[in-house]
Amino acid sequence: MNIIILGAGRVGESVAESLVTERNDITVIDTNPDRLRALQERLDLRGVTGNGIQPSVLEAAGAPDADMLIACAPLDETNMVACKVAHDIFNVQTTIARVRSPEFQQDSPMMSRDGFAVDAVIAPEVSLTSYIRKLIEYPEALQVLEFSQGLVSLIAVRAISGGPMVRHVISELPQLVPDIAMRFVAIYRTDERGLDHQIICDGTTCIEPGDEVFVLAATRDIRRVLDTLRRRDAPVKRVMIAGGGRVGLRLARDIRAQCRVKIIEADAKRCEYLTTQVPADMLVLHGDSTDEDLLEDESVRDCDFFLALTSDDEDNIMACLLAKRMGAKRVLALINRRAYADLVQGTQIDIALSPAQTVIGELLAHVRRGDVEAVYSLRRGAAEALQTVARGDRKSTTP
């Protein structure tokens with residue numbers, strides 16, 4: 001497939017990296033030639049320098065022969081206009097736009113063919129917020145992914161001694177937990193050198209303490225499935241968010257009804273804005289999330305979930321390590337660099353979340369087309385979970 005990607009920032013780079021590996025012909029447009037040059041040195045793709053809303057630049061990028069445009073530049077208006085130009089002038093079959101503003105939704109008439117001609121809207125902040133909310137709802141889980149309109153879920157959990165299934169083989173499942181239907185999809189185990197390896201899942205596989213286990217079950221049974229692999233954690237009631245950006249603010253609003261939330265923000269002007277956007281009883285603190293004195297004063301030791309959601313990977317890692325050392329029960333770091341995420345996941349940092357990976361799955365569902373309904377990235381891109389439509393009938397489909 002011939003795909004044009006507008007924007008070589010963090011999201012654009014991750015999208016390009018993912019799609020190149022699937023043998024697509026990728027062209028990336030960006031106004032920064034140095035950024036494009038660095039991308040071309042790493043990946044087998046073509047770079048075009050220029051403004052992606054200009055027809056001449058899109059033509060130079062191969063728009064007349066393109067099957068898809070993925071617009072993920074920093075500005076919403078740039079992405080929407082680029083989709084309009086690609087569709088109206090070059091008849092690009094599929095257009096996808098990264099849109100941050102909640103004013104522009106997928107079902108809005110403005111996104112129709114008569115409007116900005118956007119076939120699919122990708123909203124990273126919305127995806128991230130929804131993802132993190134699931135982790136707050138199920139604090140024992142490392143990942144919670146929903147399929148079939150939320151009826152079925154795939155969960156990842158770290159097995160701990162004491163769970164009914166731990167130190168037992170999978171074939172014993174019907175006897176140990178006879179009233180829950182579940183399927184073990186994958187198991188990752190750390191060896192003596194600290195390296196992760198995927199373990200073959202069959203009836204003879206024994207679940208060991210420390211294993212990262214992926215289990216498929218009905219969503220209504222998620223809580224009980226988690227209880228089979230580790231003891232139940234207390235509900236999350238106190239949350240501290242480092243970083244009051246779009247994701248931090250959206251999350252704070254979403255969970256305010258069930259959690260007491262504190263936000264730490266380094267920018268004074270942003271703090272002033274945040275105070276106008278959150279309830280009066282929500283505390284907004286101006287300060288550095290890596291300041292030990294600040295965390296001590298705000299009783300981070302009593303925090304159920306510490307979330308480092310700034311745009312700086314290093315700050316997020318350091319803030320989480322510090323919060324964990326000071327007594328925070330669970331910590332999550334938002335990390336853009338995949339190498340960093342792989343390095344810290346499973347150490348003192350409970351969850352290393354790559355924001356780009358939450359978007360990649362949505363894009364891949366459009367790229368794969370056909371009967372692929374949804375694609376989810378597992379373990380920061382190490383594996384995938386797909387939801388597909390099985391065609392045929394009892395005579396033509398093999399069970």
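Contact here means heavy atoms within 4.5 Å. By that rule, and not counting residues up to four places away in sequence, Asp76 touches Arg98, Val99, Arg100 and Ser101.

This is a predicted model, in which local features need pLDDT of at least 70, side-chain atom pairs count only at pLDDT 80 or more, and totals for chains, interfaces and linings use all residues. Residues are numbered from 1 along each chain as its sequence is written, and side-chain values use heavy atoms, with hydrogens and water left out.

**Asp76**

Asp76 sits in helix H4 (residues 76-90). Helices (H or I, at least four residues) and strands (E, at least two) are DSSP runs, numbered from the N terminus. Asp76 is buried and has no salt bridge. Buried means under 20% relative accessible area, exposed means over 50%, and partly exposed lies in between (1.4 Å probe, protein chains only). A salt bridge needs a side-chain nitrogen of Lys or Arg within 4 Å of a carboxyl oxygen of Asp or Glu. The nearest side chain of opposite charge, Arg100, is 5.4 Å away. Lys and Arg count as positive, Asp and Glu as negative; His and the chain ends are not counted.

What does the side chain of Asp76 reach at 2.8 Å? It is the backbone nitrogen of Ser101. The backbone nitrogen of Arg100 lies 2.9 Å from a polar atom of the Asp76 side chain.

**Two positive phi angles**

Most residues other than glycine have a negative phi. Asn91 has a positive phi although it is not a glycine. Ala117 also has a positive phi and is not a glycine.

An open sheet is formed by 6 strands in the order S14-S13-S12-S15-S16-S17, with parallel pairing. Two strands pair if DSSP finds at least two bridges between them. Strand S14 (283-286) and strand S17 (351-353) are the edge strands, each pairing on one side only. On average, neighbouring strands are turned by 15° against each other, direction ignored. Axes are lines fitted to C-alpha atoms, for helices over the stretch in contact, and angles run from 0 to 180 degrees between N-to-C directions.

Helix H8 (residues 246-255) packs on the sheet. H8 touches strand S12 (238-242), strand S13 (260-265) and strand S15 (305-308), and its direction makes about 165° with that of S12. Helix H11 (residues 313-325) lies across S15 and S16, at about 175° to S16.

Methods:
Polar contact = N/O pair within 3.5 Å; in protein donor to acceptor, adjacent residues only side chain to side chain.
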